[in-house]
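Visitor: I have a model open and would like to go through it. Can you take my questions in turn?

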Amino acid sequence: MFMQNNLVLVNIGNHFDLKASVFQAPRRGIYSFSFHVVKVYNRQTIQVNLMQNDYPVISAFAGDQDVTREAASNGVLLMVEREDRVYLKLERGTLMGGWKYSTFSGFLVFPL
């Protein structure tokens, strides 16, 4: 699954729901997830969490007050159960332009 600019570019198996912006795992396994978020013209700190079933797993921050664009990225290998939900949540701040300058991707590394 790969999402950028509010478009799903790759979604083999259709397990990413664009309307809800949630990936639902089709099987138990080790998955790789990564995201890259861009804050544009925003003089505040943002925090984005990668969530698994409503629990934060990893975070990324962008908080420089003197730039017009700033990026925050992170990635993780994650043990996921069948039907677990994985998604991004803006925990702090606002994204000018929404998620349009950001990417979110994930794939199965090893089935269990």
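**Strands, core and surface**

Guide: Phenylalanine 107 is found in strand E10. The model is a predicted one.

Visitor: How many helices and strands does the secondary structure come to?
Guide: From the N terminus on, the elements run β-β-β-β-β-β-β-β-β-β. The totals are zero helices and ten strands.

Visitor: How many bridges join E6 and E7?
Guide: The two strands pair in the antiparallel sense. Glutamine 47 has phenylalanine 61 in E7 as its bridge partner. The count for E6 and E7 is seven bridges.

Visitor: Which residues have the most contacts inside the largest nonpolar core?
Guide: In soluble globular proteins, nonpolar side chains tend to be buried together. The largest core here has 21 residues. Strand E5 (29-40), E6, E7, E8 and E9 each give two or more residues to this core. Those with the most contacts inside it are Phe23, Phe33, Phe35, Leu50 and Phe104.

Visitor: What percentage of the residues count as buried?
Guide: The accessible surface of the protein comes to about 6,400 Å², of which 52% belongs to carbon and sulfur atoms. Of the 112 residues, the buried share is 38%.

Visitor: Among contacts between residues at least 6 apart in sequence, what percentage join residues at least 24 apart?
Guide: The percentage refers to contacts within the protein between residues at least 6 apart in sequence. Of these, the share that joins residues at least 24 apart is 70%.

Visitor: Is serine 32 buried or exposed?
Guide: Serine 32 lies in strand E5. Leaving aside residues up to four places away in sequence, serine 32 touches Val76, Leu77, Ser105, Gly106, Phe107 and Val109. The cut-off for burial is under 20% relative accessible area. Serine 32 has a relative accessibility of 18%, so it counts as buried.

Visitor: Which element gives the largest share of the nonpolar patch on the surface?
Guide: Leu77, Met79, Phe107, Val109, Phe110 and Leu112 form this patch, with about 600 Å² of accessible area together. Two or more residues come from each of strand E8 (69-80) and strand E10 (103-111). The largest share, three residues, comes from E10.

Visitor: What is phi of aspartate 54 near?
Guide: Most residues other than glycine have a negative phi. Aspartate 54 is found in the loop between E6 and E7, and at 49% relative accessibility it counts as partly exposed. Its phi is positive, near 75°.

Visitor: Where is glutamate 83 found?
Guide: Phi of glutamate 83 is near 75°, a positive value in a residue other than glycine. At 45% relative accessibility, glutamate 83 counts as partly exposed. Glutamate 83 is found in the loop between E8 and E9.

Conventions
Residues numbered from 1 in each chain as written. Predicted model: local features only at pLDDT ≥ 70, side-chain atom pairs only at ≥ 80, totals over all residues. Heavy atoms only, no water. Patch = residues over 30% accessible without salt bridge, like charges linked within 9 Å, V, L, I, M, F, W, Y side chains within 5 Å. Areas by Shrake-Rupley, 256 points an atom, 1.4 Å probe, with all protein chains shown as cover. Salt bridge = Lys/Arg side-chain N within 4 Å of Asp/Glu carboxyl O. Helix = DSSP H or I, 4+ residues; strand = E, 2+ residues; numbered from the N terminus. Buried < 20%, exposed > 50% of the residue type's maximum accessible area, 1.4 Å probe, protein only. Contact = heavy atoms within 4.5 Å. Pairing = 2+ DSSP bridges. Core = buried A, V, L, I, M, F, W, Y, C linked by side-chain atoms within 4.5 Å.
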